[in-house]
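The following paragraphs walk through parts of the structure shown below. Please keep the sequence and the 3D view at hand while reading.

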Amino acid sequence: MNTNLIIKPDKTVEAFYLFFIVHTLQIGAGLMGVPRVIFIESGTDSWIAILLAGIYLHFVAWIMILILRKYDNADIIGIQCDVFGRWLGKTMGIVYVIYFFFILLSVIKNYIEVVQVFIFPEIPVWLMSGFLLSLMIYALLGGFRVVVGTSFIFFLLTIWIVITISKPITYMDWDHFTPIFQTGTLDQLKGAYKTAYSVLGLEILFFVYPYIKNKQKVALPVHAGLAFTTFLILLVTVVSIGYFSPEQLKQTVWATLSLFKIISYPIVERFDFIAIALWMMVIIPNIVLFGWALIQSLKRLFQLPEKSSLYVVAILLFLASILIEYRVHINQLTDWTSSLGFWLVFVYPVILYPIVLIRKRFRKENTP
Amino acid sequence: MTWKQIFIVVVLISISTGCIPKSYIERLGIITAIGYDLAGENSLRGTMVMYQFDPSTTRPSQVVTSEATTSKGLRLEANKMTSHRLVSGQVRLKLFQDQLASRGMTKYMDTLERDAKVSDMGLLGVSEVPTADLLKMEASKEATNSGEYIKKMIEKNIEDNVLPDATLRTFIHDYYDAGIDPTLPMLTTTDGKAVISGQALFQNDKYVTKLSSQDIFYLLLLKNEYKDGQFQLQLPDEALKEFHKETPGSSAEGPLHVSLHEIDSDLTIDPKKGKPTEQSVNVTIEARLLEITKDVDLKNKKAIYKLEKEIEKKVKSDLEQFLEFLKENQVDPIGFGKIYNAKNRENRVTKENWRQQIPELNVSFDVKMKLLRHGTVE
Amino acid sequence: MDQSTLPLQIDSYLDRLKQRFNESPDLIQKVFHIKGQEVVIHFISYQIKKDRLERELLEPLTKSEKPWSVHDLQNKIPLASSQTVSSIEKIAELIIHGNVVVYFPGEKEAVAFLLPQQQVRALERAETESLVFGPQIAFTESLVTNLNIIRWRLDVDDLVVEKLIVGERIKSEIRIVYLKSIANDENVDTMRQRIKDLKVAEVEDTSVLGQLIEDSSSSIFPQLINTELPDRFCNSISKGRVGVLVDKSPTALIGPMTLFSFFESTEDLYMRWNMGTFIRLLRFIAMAFSIILTPMYVAALTYHYEIIPTSLLVSLGQSRAMVPFPPVLEALLLEMLIELLREAGARLPTKVGQTMGIVGGIVLGQAAVKAGFTSNILIIIIALSALASFTAPSYLMGTAIRIIRFPMIILAGAWGLIGIMFALSFIVIHLLKQKSLGRPYLAPIYPFQWKDINDSLIRLPFQKNNARPLNVMPKDTERHDPNKAAEKKDVDPS
């Protein structure tokens with residue numbers, strides 16, 4: 001397998017779009033419930049935990065870019081094979097594939113769950129996952145540029161929801177934040193760790209990097225995307241902490257969506273219904289980008305034809321989404337992917353970087 | 001077949017098989033207001049004001065009463081009485097009879113909060129008379145039914161700063177928060193009309209006592225910074241004796257009433273470090289004098305100064321009385337405990353220990369009054 | 001063996017030609033004997049200008065002193081367009097196209113003079129894309145007239161007009177029009193190659209050609225613009241786009257286009273920029289409303305009674321209570337009614353059409369509500385969204401948007417808000433996948449081009465907005481120097 005990819009110029013995109021790729025992939029199912037998850041660990045100081053997570057996020061992104069810059073035009077699959085050799089490298093690639101599969105599954109399942117709780121208790125699961133997967137297939141058939149376009153356009157179509165949060169802000173109780181620094185360092189770190197699930201998605205950089213036209217400009221959009229994600233999570237969490245009382249927040253599973261419940265407009269009494277339906281557009285870039293990464297990895301690892309592997313993956317996802325029925329299982333799935341993602345996305349690159357460096361030096365000495 | 005044809009076929013199959021039970025609005029009984037009464041030892045009586053749309057009737061609003069043991073059960077029971085499926089997604093007002101409310105309201109509201117279909121902006125209220133009487137009353141001309149009328153009445157009073165917020169969201173927020181108790185408006189009937197008679201005070205979710213409507217002002221004054229309100233108070237008859245104008249025919253006799261408008265207040269509550277029961281409150285009130293029942297020479301600066309002092313004295317003593325009332329009933333609608341928690345790390349107030357500490361509450365009030373302008377006539 | 005190339009003797013020549021024309025009575029054969037020389041003249045009487053034939057061809061021909069030769073015929077007859085032909089097929093073709101063919105039996109070549117007479121209508125005002133102000137002229141069916149207008153508007157030698165012939169059986173003359181120093185070569189090549197590669201019996205009209213060479217024929221969205229306005233055509237050409245004209249068709253084709261260009265009207269340019277921007281944004285909002293309003297009504301009344309504002313609930317419920325159908329059917333029926341009215345209005349003469357509008361709009365609408373067929377709120381919604389869809393400057397786009405509503409209503413009726421979101425997401429992804437002459441359809445939103453937004457979503461003043469649309473990749477991107485354009489050398493009044 002070639003470490004470096006050769007990409008036709010008409011398939012590449014500007015580095016500018018990395019902002020949207022990274023950001024839309026990070027914001028998704030996780031954002032709906034993130035305030036509660038962090039709050040349970042870090043309490044009123046959750047904002048510090050998020051800032052810590054944000055800083056670490058930038059650090060990881062920096063390491064990832066350093067790794068990628070060691071190669072001309074490689075993705076993680078190629079780098080792993082180059083560093084670890086054929087077999088171990090491919091095994092790591094398979095770990096990525098499994099991770100992508102499960103995160104796709106958990107994103108789909110979580111959204112279906114939300115729709116069932118908030119809008120349609122009766123909507124069949126197969127129908128919803130059929131909807132989401134058919135949109136995924138339709139977008140993926142268009143190739144990489146359509147995938148990037150999906151994340152860009154759906155970002156524009158949904159970002160305005162942030163403005164509506166101004167109503168809950170007026171109901172905020174600032175007493176909930178003081179006194180600060182009540183939480184111990186360990187709990188802060190736990191909170192930061194829990195933030196991980198909502199900010200998974202950074203790993204896409206390892207896969208899209210070869211498709212970027214102006215590689216020297218990669219850093220800025222990636223970091224801007226991460227900063228924006230951190231800002232959104234911070235905003236949502238801070239507003240939730242102020243809006244709900246502490247005990248209440250601990251019981252509110254989808255705090256972000258519950259914030260929308262008090263918003264009403266002259267033509268729409270209950271904005272939460274619109275917001276949750278519109279959340280489909282937040283989810284689609286997730287599904288499409290993860291799906292693309294999954295298909296791309298399969299192609300790179302086993303030279304599988306894109307179309308047929310796409311259909312097979314979609315059918316598998318469809319069946320899996322129908323078979324998992326209980327809320328407990330969904331939570332378990334989310335936890336698993338969350339911890340797998342944490343190691344794969346936030347720890348692994350930090351370990352990989354020194355190995356890449358050693359490997360490169362070793363090779364230089366061998367070939368004078 | 002191409003992908004597109006398969007897609008179309010799949011969509012067609014889904015449309016024909018993936019149907020969801022529909023809820024056409026003309027087949028629904030859309031409940032807009034519910035009242036809960038205590039029917040027996042263990043049973044509830046629910047009164048539901050709802051819209052149901054029939055081609056034949058001109059008045060779409062109807063009232064149904066049913067009995068059951070849980071609030072969901074009420075709906076099931078009521079369903080048997082109407083031709084339309086009853087739904088609660090448009091409930092905007094929930095009333096609880098005081099006897100029922102004193103047993104704790106959350107067990108009847110549990111469904112409210114879990115059910116994502118119910119709006120958080122619905123209003124809550126407590127009623128001194130059976131809620132059935134309130135909701136079955138003939139509505140006034142401007143509202144379609146009495147549920148709608150009561151809702152509008154409470155909404156208006158909240159907007160005019162006469163009542164504290166009574167939305168479900170605020171109630172639940174205060175209920176869950178440590179060191180603060182929720183309050184709700186109290187309703188009753190006079191002359192066959194629904195009126196607000198005061199404010200219901202709660203211990204957690206249990207109704208304890210009624211605050212008279214005169215005292216709601218003090219509750220509002222201590223709860224938040226006050227904006228654009230109005231208030232009337234009675235001062236000692238002879239408080240401004242030396243400034244009375246000596247004009248014949250003017251009424252020097254009778255009580256001295258002062259009417260204040262455009263009240264803006266500044267509020268700071270300072271708990272003592274480590275001691276949640278020791279608090280000091282600073283209130284600065286700015287207001288416009290609208291009316292005074294005795295002929296007082298208001299051009300005299302001294303008279304104004306005296307008046308301010310008298311009002312300060314009166315407000316302070318009223319606040320102290322108000323606090324005594326709260327302590328007697330072991331309720332804290334103002335949230336002294338919560339404010340303490342926001343400023344202290346040690347000896348924190350919890351839901352459990354605060355209730356015992358309320359009677360020991362010791363608050364020193366400091367009231368400052370500023371009369372800005374006074375009427376158009378000098 | 002049937003010999004069809006010249007030279008031929010007079011009898012066989014006349015015979016062949018007559019057979020070629022299926023013994024048509026329209027073919028006129030005239031044999032002159034001039035100075036002992038036999039001259040055969042052929043033409044179709046109504047295809048040529050007879051007075052010119054007599055004055056300019058027959059007179060010199062018959063009055064000549066010496067016998068004619070083919071060479072003399074071409075040089076001495078005062079007619080600009082002449083050519084020599086040597087096969088019967090070619091002669092027949094030329095005669096059909098308004099030529100007069102002169103043949104001296106026994107010679108190797110005949111000479112054809114072009115004296116065409118075409119029935120053309122005069123230039124008229126635009127009908128389907130009418131403007132309130134700005135140039136009112138519209139293209140006609142005659143290619144020559146159209147080219148004449150274009151040359152007149154774009155009077156530079158930079159203008160390239162390429163000629164192509166398409167059609168296996170009935171040949172159509174096609175012209176590709178572009179500005180050489182601006183239009184992107186790749187766009188021109190794509191357009192030329194797509195037209196050249198066509199293997200069809202005939203091309204009926206420009207819109208047919210458009211459908212034949214489009215990037216995606218399965219999409220409901222048009223990818224090339226059909227316009228009958230020369231000013232729109234020339235404006236597009238001068239911005240670097242490629243235009244196509246087909247003979248006998250009163251519209252012209254422009255590409256590559258983006259979704260947003262279908263909502264642009266040249267009127268936006270003639271108006272002041274702030275008005276233009278306002279009206280352009282109004283159209284986009286109208287489109288969004290047009291697509292979403294009815295499905296939202298259906299979804300809210302079928303599933304989500306919670307989102308209906310309390311103040312509307314009673315009036316909606318009461319009007320719905322009379323209606324015997326579910327909201328989907330109700331909405332579909334009314335949408336159908338609007339489509340019927342539009343179709344009937346389009347087919348009928350203008351005067352009757354107006355009556356149709358009144359009958360349909362007022363009488364049917366009123367009666368439908370009275371009879372409890374529909375709720376009056378739905379009537380308002382449907383009328384509003386129909387009105388909104390007619391604001392699209394492109395008729396095809398307006399129709400596309402009206403048709404999209406039908407599946408959306410059905411989806412809304414089946415799965416409520418989720419169905420609507422699914423449909424909208426599908427449309428967005430679909431639009432993302434579309435291309436026009438290989439250029440992205442959703443430009444300048446994706447790929448994002450900040451400069452292009454100045455004259456697509458909004459319209460900035462000309463001084464500020466000097467760029468040609470970058471998505472068509474013009475060779476020269478600047479239209480003018482923005483500083484120069486803003487310069488004002490007013491006479492100092494003091």
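In this predicted model, chains B and C meet in a contact that takes 22 residues from chain B and 21 residues from chain C. On the side of chain B that touches chain C, the elements giving two or more residues are helix 1 (3–17) and strand 1 (28–38) of chain B. Sorted by class, that side of chain B has 12 nonpolar, 4 polar and 6 charged residues.

Chain C also carries an annotation from a record. UniProt, in an unreviewed entry, places the feature "transmembrane region" at residues 281–301, 375–396 and 408–432 of chain C. In the model, residues 281–301 of chain C are 100% helix and 0% strand, and the end C-alpha atoms of this span lie 30 Å apart. Residues 408–432 of chain C are likewise 100% helix and 0% strand. For residues 408–432 of chain C, the end C-alpha atoms are 19 Å apart.

The last stop is a pair of helices in chain A. Two packed helices are described by the angle between their axes and the distance between the axes. For helix 5 (residues 86–118) of chain A and helix 16 (residues 306–323) of chain A, the angle is about 50° and the axes are 10 Å apart. Helix 5 of chain A contributes Leu104(A), Leu105(A), Ile108(A) and Lys109(A) to the contact, and helix 16 of chain A contributes Leu317(A), Ala320(A) and Ser321(A). By class, the residues of this contact are 5 nonpolar, 1 polar and 1 charged.

Definitions and conventions: Residues are numbered from 1 along each chain as its sequence is written. Chains are lettered from A and ligands numbered from 1 in the order in which they are written. This is a predicted model: local features need pLDDT of at least 70, side-chain atom pairs count only at pLDDT 80 or more; totals for chains, interfaces and linings use all residues. Two residues are in contact if their C-beta atoms, placed from the backbone, lie within 7 Å. Helices (H or I, at least four residues) and strands (E, at least two) are DSSP runs, numbered from the N terminus. Ala, Val, Leu, Ile, Met, Phe, Trp, Tyr, Cys and Pro count as nonpolar, Asp, Glu, Lys and Arg as charged, and the others, Gly among them, as polar. UniProt positions are given in the numbering used here, feature names are shortened, and annotations may be inferred rather than shown by experiment. Axes are lines fitted to C-alpha atoms, for helices over the stretch in contact, and angles run from 0 to 180 degrees between N-to-C directions.
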